[in-house]
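Visitor: Please take a close look at the helix packing here, and at the charged pairs that go with it. I would like the cut-offs stated as you go.

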Amino acid sequence: MNPSLHDNPVRVQIVEDESIVAHDLRQNLESMGYAVTGIAASEQQAVDLAERERPDLVLMDINLGRGGDGTRAASVITQRFQLPVIYLTAYAGEDILRKAIQAAPYGYVLKPFEPRELNATIRAALSRVEEEKKTRKAEKRFRLALDAAKLGVLEIERGEGQVALDGFLQSILQSPTQSFSVNRSDFLTHLEDPEIQERLQGMLASGDMVQICAAWRGEDQRRIWLEIHASYFPDEDKVIGILRDVTEKVEAEAHLRQASVVFESAGDGILILDQDQRVCMANKAFSKLTGWASQEVIGQRPDDFLHTAREGDRKTADEGARMEAPHIEVTCRRQDGSLFPAWENIAPVMNSAGHITHYVLTFCDITALRSAESRLSHIALHDALTGLGNRHQLDICLRHNISQASARGDNDHFALLFIDLDGFKTINDTLGHSIGDELLVEVTRRLKASLRQNDIAIRMGGDEFLVIADGLRTAEAAAPLCRKLLSAVAEPIATSIGQTVRITASIGIALFPEHADNADELIRAADTAMYEAKENGRNGHAVFSRNLANRALERMQLEQGLRNAIGLHELELQWQPVVDMRDGRIIGAEALLRWNHPVSGRVSPERFIPVAEETGMILDIGDWVLEQACRHAAAWVEEGLDFQRLAINVSAKQLQQEGFAERVLRSLLKHKLSPTMLEIEITESSLQRGELVQQSLHRLRAMGIQLALDDFGTGFSSLSMLKFLPLDRLKIDRSFIRDISSDPNDMAIARTIAAMASTLGLAVTAEGVETENQRSILLGLSVREAQGWLYYPAMPADKFAELLRGQKTA
């Protein structure tokens with residue numbers, strides 16, 4: 001019978017350096033039915049031929065000529081190609097056998113060989129190869145099974161300090177290594193539970209079987225969970241078991257326990273629904289929120305008992321918003337039939353194949369949230385003090401009215417009334433903010449009582465109110481309502497401190513769409529008209545016009561330009577000398593502020609000073625004037641010029657500032673000027689600004705600074721105040737000087753002022769002296785000092801310095 005493998009002749013490679021032996025061997029093999037793949041005579045030829053032909057078996061001569069070593073070639077062929085090798089040798093000494101065995105040969109044939117012996121050896125080797133293949137296949141199948149089940153194998157032998165491990169151990173070792181041993185104590189140390197360590201350690205002695213789940217801490221401190229099943233086998237006297245990584249399972253079970261706690265303890269209602277969206281489970285919060293017991297709703301759809309949406313709406317909610325949006329707001333029904341708003345979410349539960357198995361519906365009662373939102377909305381849209389709408393509501397209402405009016409066409413008009421209380425600040429500052437608040441509340445009550453049903457009242461802030469009066473097409477139509485509001489506001493108001501106060505209002509009227517076609521412009525138009533009403537004497541109303549708009553724009557431009565004037569060096573101080581009319585000698589000067597606008601040219605103080613007062617810019621401008629005046633005066637004093645008095649004008653707002661007097665003194669000390677050189681001029685209107693002004697005046701006078709009352713006789717302050725104010729000088733206004741020679745009244749007023757000043761021990765300066773006749777009359781009244789064009793106009797600082805230098809040399 002011819003030798004074969006899998007119905008194919010056995011293919012044999014011959015490695016023999018003696019050609020006669022090689023050919024004889026070949027002849028014998030072929031006669032026995034083997035197929036010879038080739039003959040090699042050296043190590044390299046043997047390796048190359050084996051790589052090329054891949055025979056079933058190699059017959060290898062151990063001693064190859066010229067130093068060749070068949071054992072080396074056999075080792076390469078065995079390791080690289082996994083081919084069986086049978087050695088041919090004429091010598092069988094121990095040293096040759098020891099050397100040959102390193103290549104794990106499949107047999108030896110001694111030369112000279114017998115064909116039957118050779119055939120038997122080859123057949124035995126091939127049989128061994130087949131058995132090894134079966135073993136490897138079984139082992140591979142076993143390992144694949146372990147890997148598929150993700151199982152590892154452990155083995156503990158008595159007397160051995162090692163634990164043998166095999167199989168799927170990648171999660172433990174974080175590498176695919178198989179079949180290795182570890183120190184037993186090290187292995188047990190990685191198990192976190194000492195009790196489990198003792199059980200595994202004692203299995204050889206007790207013969208127990210263990211089934212445990214244990215926490216394992218790897219070298220990288222990563223924690224995994226191992227499931228270990230092990231038994232003691234007496235016949236083998238060893239412990240054998242399997243282990244696998246069940247971390248995902250343990251963590252999933254932990255998550256399930258946590259989810260169960262969340263499910264039962266959550267404040268939100270939770271329903272677990274099946275694929276048909278029928279209730280499978282309900283948590284306690286669901287019952288608490290709705291009053292339904294969980295048993296009552298099992299098997300029902302939420303739309304059947306919970307949701308109040310109409311039948312036509314349910315499909316939209318289910319198929320649309322619920323599946324696409326993370327949350328939707330719904331209205332839910334309790335068991336008792338009462339309704340409540342809820343925030344609801346429905347999420348699908350997917351299996352590993354990506355198919356929906358269940359739904360989780362969660363919802364929470366947002367009644368408190370909606371109530372809070374309503375309160376916040378009211379707060380956001382209403383004034384806290386009066387309860388009227390605020391700026392935000394004004395914006396909403398105006399835009400709504402404009403939109404409605406635009407949609408309805410030309411027949412729909414409305415008026416916006418801008419109401420500002422006259423003199424409210426004085427009452428608020430004098431009687432206190434609480435009384436001011438009382439006044440605002442009472443005015444609000446009266447406004448609401450005077451308005452028509454569809455009119456809307458708004459408090460803009462402070463003492464400003466607006467009224468949206470629907471259906472008023474003309475200013476004439478709005479006038480009766482304005483008169484009614486003005487009359488209501490003007491009625492006496494009794495306060496909680498027992499004092500009755502009176503207040504009036506000024507109202508500006510703007511019409512939509514005649515005066516503006518959008519909300520912002522309409523408010524500005526009404527505001528502009530209100531200021532016109534104030535300028536017309538207050539306690540009245542005015543209608544917006546384009547002329548008013550132009551004036552408002554001019555004022556705005558004036559205000560904006562003034563804000564930049566200091567930084568752009570547009571402000572300038574000019575000096576008007578004060579002279580002794582007896583000899584014409586300069587004894588001082590008044591610093592006068594001028595604004596040189598780059599486009600408009602010289603801007604009159606009568607235009608920009610009121611704007612500076614109203615906007616508060618007078619404070620910064622006043623500080624600049626004080627600094628510049630002191631700087632100029634210091635330079636003239638240092639030059640040795642004869643300069644006795646420096647006069648600057650100060651507003652009431654400056655005097656009301658905390659620490660104003662101290663700031664003036666610091667500026668004087670900075671420039672090394674004596675306080676007695678400075679004279680501060682105030683107007684009669686400043687004296688009506690309350691206690692703070694008088695306190696500042698007394699502090700200034702205590703520092704040695706002189707005080708002058710400017711434009712005396714033009715105001716309305718009580719003459720008795722002169723007795724209590726620390727004044728040094730009265731200045732007769734130019735309006736009384738202009739016609740002093742022709743108007744007996746002006747003469748009488750000038751004479752009275754001069755006499756009163758003399759009686760009170762006050763000095764007098766006349767303003768606006770332009771003629772010799774005026775000078776003579778004033779000298780006859782014992783008025784010695786004057787300012788005016790008869791002597792000098794206001795002039796720049798350098799020209800004034802030249803006058804002083806000329807006077808010094810005269």
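**Helix packing and charged pairs**

Guide: Helix 23 (residues 618-639) packs against helix 25 at an angle of about 25°, with the two axes 9 Å apart. This is a predicted model, in which local features need pLDDT of at least 70 and side-chain atom pairs count only at pLDDT 80 or more, while totals for chains, interfaces and linings use all residues. Residues are numbered from 1 along each chain as its sequence is written, and side-chain values use heavy atoms, with hydrogens and water left out. Helices (H or I, at least four residues) and strands (E, at least two) are DSSP runs, numbered from the N terminus. Axes are lines fitted to C-alpha atoms, for helices over the stretch in contact, and angles run from 0 to 180 degrees between N-to-C directions.

The angle makes helix 23 roughly parallel to helix 25; angles under 35 degrees count as roughly parallel, over 145 as roughly antiparallel, 65 to 115 as roughly perpendicular and the rest as oblique. The crossing of helix 23 and helix 25 is right-handed, a term used when the near helix is turned clockwise from the far one by less than a right angle, with anticlockwise giving left-handed. Helix 23 contributes Asp623, Leu626, Glu627 and Cys630 to the contact, and helix 25 contributes Arg663, Val664, Ser667, Leu668 and Lys670; contact means heavy atoms within 4.5 Å. By class, the contact of helix 23 with helix 25 has 4 nonpolar, 1 polar and 4 charged residues. Here Ala, Val, Leu, Ile, Met, Phe, Trp, Tyr, Cys and Pro count as nonpolar, Asp, Glu, Lys and Arg as charged, and the others, Gly among them, as polar.

Helix 25 (residues 660-670) also carries Glu662, which is linked to Arg699 in helix 26 (residues 691-702), 37 residues apart in the chain. The side chains of Arg699 and Glu662 form a salt bridge at 3.7 Å, N to O. A salt bridge is a side-chain nitrogen of Lys or Arg within 4 Å of a carboxyl oxygen of Asp or Glu. Arg699 has a relative accessibility of 31% and counts as partly exposed, and Glu662 is also partly exposed at 31%. Buried means under 20% relative accessible area, exposed over 50%, and partly exposed in between (1.4 Å probe, protein chains only).

Salt bridges that share partners join Glu590, Glu681, Lys731 and Glu767 into one network. Within it, the side chains of Glu590 and Lys731 meet at 3.1 Å, N to O. This pair links distant parts of the chain, with Glu590 in strand 29 (residues 585-597) and Lys731 in strand 34 (residues 729-732), 141 residues apart. Both Glu590 and Lys731 are buried. Another salt bridge joins Lys133 and Glu130 at 3.9 Å, N to O. These two residues lie 3 apart in helix 5 (residues 115-149), so about one helical turn separates Lys133 from Glu130. Lys133 is partly exposed, with a relative accessible area of 41%. The count by this rule comes to 37 salt bridges.

Two further helix pairs remain. The axes of helix 21 (residues 546-565) and helix 22 (residues 605-615) come within 10 Å and cross at roughly 80°, which makes helix 21 roughly perpendicular to helix 22. On the helix 21 side the contact involves Glu554, Arg555, Leu558, Glu559, Leu562 and Arg563, and on the helix 22 side Arg607, Phe608, Val611, Ala612, Glu614 and Thr615. The residues of this contact divide into 5 nonpolar, 1 polar and 6 charged.

Helix 16 (residues 391-408) packs with helix 20 (residues 519-535) at about 110°, their axes 10 Å apart. Helix 16 and helix 20 are therefore roughly perpendicular to each other. Leu394, Leu398, Arg399 and Ile402 of helix 16 meet Ala519, Asp520, Leu522 and Ile523 of helix 20. The classes in this contact are 6 nonpolar, no polar and 2 charged.

Cys397 also belongs to helix 16 and, at 14% relative accessibility, counts as buried. Leaving out residues up to four places away in sequence, Cys397 touches Ile456 and Ile468. Cys397 and Ile456 are 59 residues apart in sequence and 8.4 Å apart in space, C-alpha to C-alpha. His515 sits in the loop between strand 26 (504-512) and helix 20. At 9% relative accessibility, His515 is buried. Apart from neighbours within four places in sequence, His515 is in contact with Ile509, Ala510, Val543, Phe544 and Arg546.
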